[in-house]
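Please keep the sequence and the model in view while reading.

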Amino acid sequence: MTSGDLEGSIAAAPFLQGISPRHVEILASCACRTHFNEGQVIFRQGETANRFYLIGEGAVELEVATKSGDRRILAGSIGPGGVLGWSWLFPPYEWQFTARASSETSAIFFYATVLREHCEADPSLGFELFKRMAAEMVKRLQSARTRLLESCSGFSPIGGEHSIGAELGLAK
C-alpha cells in the first residue's frame, strides 16, 4: 500500500471530507491502517489518550465502568465512517471510556501526540480537527442523553412509537 492510498482513504472519510490536501498529507504522515478482532479492547478508561481512529468497517462499543469496577455500562457505539476518540485533544489526555471492538473492525489509526504538535505549528489544522471533533462530541452527548432519559424514566423524547408509549396508549 502506498502513502497515496492512505491519503485517499483519509480524504474520503466522512469525518474529514472537504479538508485541504495539505492537511490530508499531514494527517497521513501520522497515520496507519489497523485491525481489531471481535471483543478486543482498543483502549481503556483512564489510560493515556494518545491516538484516535476512523472506523472503516466493523463496530466499536464504548463502555464506562462504575467506580467499583464491578459494572460496565454501554455508553454508545461507533460504526463505519465514525470517529473514535477525542480525549487526545483535551488535557489531561485520558480516555473517558473503554473502547471494545464489537465485531471484526478495520480502522485508520492516527498518532495524536505527533498530530497535536502539527496542530500547534499549523493552527488552521488544529481548528479544522477541533470543529469536526466538537460536532462528533455533540452528537454523542445527545445520543447519550436520549439513552439516559429512556433508561431512567421509560420516557422517550422521540415519541409514542416506542413500546412504553404504546403501552400507555400514547402511540399514534
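In this predicted model, Glu 25 lies in helix 2, which covers residues 21-29. Is Glu 25 buried or exposed? Its relative accessibility is 51%, and because residues over 50% are classed as exposed, Glu 25 counts as exposed. Glu 25 may also be located with reference to Gly 8: the two residues are 17 positions apart in sequence, and their C-alpha atoms are separated by 9.7 Å in space.

The next topic is the pairing of charged side chains. In general, side chains of opposite charge can pair when their charged atoms come close. A salt bridge is counted here when a side-chain nitrogen of Lys or Arg is within 4 Å of a carboxyl oxygen of Asp or Glu. By this rule the model contains five salt bridges.

One of these salt bridges joins Glu 63 to Arg 100, with 2.8 Å between the closest N and O atoms. This pair links distant parts of the chain, since Glu 63 belongs to strand 4 (residues 60-65) and Arg 100 to strand 7 (residues 98-101), 37 residues apart. Glu 63 has a relative accessible area of 8% and is therefore buried, the cut-off for that class being under 20%.

Helix 4, which comprises residues 123-153, holds a further pair, Glu 128 and Arg 132. These two residues form a salt bridge whose closest N and O atoms are 3.0 Å apart. Why are Glu 128 and Arg 132 separated by about one helical turn? The reason is that they are four residues apart in helix 4. How accessible are Glu 128 and Arg 132? Glu 128 has a relative accessibility of 19% and so counts as buried, and Arg 132, with a relative accessible area of 16%, is buried as well.

Helix 4 also contains Lys 139 and Glu 136, which lie three residues apart, about one turn of the helix. A salt bridge connects Lys 139 with Glu 136, and the closest N and O atoms are 3.1 Å apart.

Terms used:
Residues numbered from 1 in each chain as written. Predicted model: local features only at pLDDT ≥ 70, side-chain atom pairs only at ≥ 80, totals over all residues. Heavy atoms only, no water. Helix = DSSP H or I, 4+ residues; strand = E, 2+ residues; numbered from the N terminus. Buried < 20%, exposed > 50% of the residue type's maximum accessible area, 1.4 Å probe, protein only.
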